[in-house]
Structure formats: structure tokens, C-alpha cells
Amino acid sequence: MTHSREGGFLAVAAFVLWGAFPLYFKALAHVAPLEVLANRVIWSAFSLFVLVVVLKYWNRLLPIFRDSRQMLSLLAATLLIATNWGVYIWSVTNDYILEASLGYYINPLFNVFLGYLLLHEKLRKLQWLAVGIAAIGVGIQIVILGKIPWIALILAASFGLYGFIHKKITVNAISGLFIETILLFPIALIFLSVLSADKLGPLVWTFNDWLLLMATGPVTIIPLLLFTAAAKRINYSTLGFFQYIAPSILFLLALFYYKEPFSLSTLLTFILIWLALIIFTIDSLHYKKYKYKYVCQ
């Protein structure tokens with residue numbers, strides 16, 4: 001099997017697992033979202049610690065801890081990933097999976113706009129068109145439904161800014177996430193200890209609850225490992241096209257499995273976002289082809 005084909009399979013596996021997360025977190029819907037988040041942080045930290053030991057990453061971590069600028073960046077990334085995880089868990093357990101999928105559909109377009117705002121990157125005409133159509137789609141939700149799709153916007157913004165920070169620092173995904181969960185670890189532990197002292201949370205969880213909560217660590221890490229392995233085997237631009245798998249699975253689960261309400265205005269919003277993504281993808285493919293042709297010449 002060629003590296004590119006192997007990378008494709010790994011990427012598909014990673015995004016399918018991310019897309020299937022609602023099935024897992026729905027099984028914990030009776031546990032408070034903040035408790036699930038705290039457990040996800042704690043058990044992810046344990047899982048990553050084992051991984052760091054096995055891969056002998058300690059030498060990679062020490063220079064990061066000594067670099068105050070990178071640590072400040074990772075602290076900001078920590079707050080963003082905690083927000084992203086928390087809002088995602090809340091949206092799944094409170095039947096807002098459709099809006100969560102909208103957030104991850106918007107994310108690549110948000111990233112392009114982020115590049116324009118923070119990196120002063122020039123947007124091509126089709127990119128502007130895609131961003132504009134996506135903005136109209138979000139505007140429809142605000143005008144017709146009279147509410148801001150805050151779940152979608154927070155998920156897109158937090159994940160986009162998280163990716164932006166990691167783009168600016170020289171820290172690999174495993175080391176970065178390990179430090180982020182370590183920074184969150186004491187807060188999560190204190191939070192659960194307070195709940196325990198009040199005879200809530202951990203004291204009323206069943207054996208199955210404990211198993212599911214402990215497994216949030218491996219469940220979080222396995223797709224990341226697959227994604228990291230895929231990124232080493234295929235071009236990052238190619239990898240980006242696989243990212244639509246996860247929100248598509250979310251959309252299908254919400255609509256056909258969990259039967260979430262789906263109004264005409266919501267459909268119109270999704271159609272506009274999909275149209276924007278089609279334009280964005282066509283532009284990306286065309287630019288990539290043109291750039292390759294120019295380099296070859």
C-alpha cells in the first residue's frame with residue numbers, strides 16, 4: 001500500500017471517529033457536561049502521559065516548558081480547547097448536534113477569514129464569495145429564527161483560533177495536547193473533588209459511567225494519533241478535504257438518528273454553507289493546480 005493511500009485510510013478513520021463522537025457522549029447524557037469535560041481532561045492527560053513515556057518524548061517537552069512564549073501560547077490554546085470540548089459536549093447532550101455540525105462546516109471558511117484578519121493574507125475572489133455566502137447563511141439564522149447560532153460560532157472560532165496558535169508554534173500535536181491537559185488537570189481534579197465533597201458527581205456514577213468516563217482519554221487520543229499519522233503520509237492540503245467527513249456524519253446522525261428539528265430556514269442555512277464550501281473547494285483545487293503548474297514551469 002502506498003503512503004498516500006495509507007494516509008487516506010488513516011485520515012478517513014480519524015474523521016469518522018470524530019464524527020461518531022455523539023454516539024459516545026450521548027451515552028453520558030445523564031452526567032453533567034462539566035463533569036464529562038473534567039473527566040475528559042483527566043483521562044486524556046493520563047493517556048497522553050503513557051504515550052509520552054512510550055514514545056520517549058521527554059526530551060521534546062523540556063525545551064517547551066523552558067520557553068515562556070510557547071508556554072503562554074499553549075496556555076491560550078488550553079483555554080480554547082477547553083471551551084471547544086465543553087461546548088461540544090453540552091451541544092451533544094442537549095440535542096444541538098445539527099448546530100455543532102454547522103460549526104465544523106463553517107470552520108475552514110473561518111480559518112480563511114482568520115488568515116485575512118491576523119496574518120494579512122490576501123483572499124482570492126472565490127474565497128471572498130465563499131466567506132460572504134457563509135455569512136449570509138449565518139445571518140438567515142439570526143433574522144428568521146431571531147437567535148445567534150452561538151454553538152456553531154463558538155465551535156468554529158475556538159477550533160480555528162486553536163489551530164492558528166498551533167500553526168505559529170513549533171510544538172507537535174501530542175506534546176502540545178499533553179501540556180494543555182496537564183495545565184487543565186489541577187482545575188479538573190479540584191472541580192470533581194468539590195463535587196465529591198458535596199456528594200454529587202463521582203459518588204453517584206455507576207460502574208458503567210466510570211468505564212465510559214475513563215475511556216474518554218483513549219477516545220480523545222486515538223483519532224488524534226490517526227490524524228497525526230495521516231498528516232505524515234499525505235499533503236496537508238489534501239488532508240483538509242477529508243475534514244468534511246466529521247460534520248457530515250454529525251449532520252446525518254442529528255437528522256436521521258436523533259431526529260432533531262430541521263426547519264426550512266435551517267435547511268437554507270446549510271445549503272448556503274455547503275455552496276460556500278463547494279466554491280471554497282473548487283478555488284483550492286484550482287489554485288493548487290495553478291501553483292503546481294507555475295512551479296513546474
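In what follows, a residue is called buried when its relative accessible area is under 20%, exposed when that area is over 50%, and partly exposed in between (1.4 Å probe, protein chains only). The structure is a predicted model, in which local features need pLDDT of at least 70 and side-chain atom pairs count only at pLDDT 80 or more, while totals for chains, interfaces and linings use all residues. Residues are numbered from 1 along each chain as its sequence is written, and side-chain values use heavy atoms, with hydrogens and water left out.

Charged pairs make a friendly starting point. Side chains of opposite charge can pair when their charged atoms come close. A salt bridge is taken here as a side-chain nitrogen of Lys or Arg within 4 Å of a carboxyl oxygen of Asp or Glu, and by this rule the count comes to four. One of them joins Arg233 and Glu6, with 2.4 Å from N to O. Arg233 lies in helix α11 (residues 216-233) and Glu6 in helix α1 (residues 3-19), so this pair ties together parts that are 227 residues apart in sequence. Helices, for reference, are DSSP runs of H or I with at least four residues, numbered from the N terminus. Arg233 is partly exposed, at a relative accessible area of 27%, and Glu6 is partly exposed with a value of 27%.

Another salt bridge links Asp95 with Lys26, whose closest N and O atoms are 2.3 Å apart. Because Asp95 sits in the loop between α5 (68-93) and α6 (97-118) and Lys26 in helix α2 (residues 21-26), parts 69 residues apart in sequence are tied together. Asp95 is partly exposed, with a relative accessible area of 45%, whereas Lys26 is buried at 18%. A further bridge connects Glu99 and Lys147, with 3.5 Å between the closest N and O atoms. Glu99 belongs to helix α6 and Lys147 to the loop between α7 (125-145) and α8 (150-168), so the pair ties together parts 48 residues apart in sequence. Glu99 counts as buried at 11% relative accessibility, and Lys147 as partly exposed at 35%.

Glu260, found in the loop between α13 (245-257) and α14 (264-296), is buried yet has no salt bridge. Counting Lys and Arg as positive and Asp and Glu as negative, with His and the chain ends not counted, the nearest side chain of opposite charge is Lys26, 5.4 Å away. Contact means heavy atoms within 4.5 Å; leaving aside neighbours within four places in sequence, Glu260 is in contact with residues including Asp95, Tyr96 and Leu255.

The interior comes next. A nonpolar core is a set of buried Ala, Val, Leu, Ile, Met, Phe, Trp, Tyr and Cys residues joined through side-chain atoms within 4.5 Å. The largest core has 76 residues, among which Phe25 and Tyr88 touch the most other members. Helix α5 gives the most to this core, with 11 residues. A second, separate core of nine residues includes Ala14, Phe15, Leu239 and Ala246.

On the surface, a nonpolar patch of about 760 Å² of accessible area includes Trp90, Tyr96 and Val143. Such patches are made of residues with over 30% relative accessible area and no salt bridge; like charges are joined within 9 Å, and nonpolar side chains (Val, Leu, Ile, Met, Phe, Trp, Tyr) within 5 Å. Accessible areas come from the Shrake-Rupley method with a 1.4 Å probe, and for residues only the protein chains shown count as cover. The largest share of the patch, three residues, comes from α7. Val143 is found in helix α7 and is exposed, with a relative accessible area of 70%.

Methods
Helix = DSSP H or I, 4+ residues; strand = E, 2+ residues; numbered from the N terminus.
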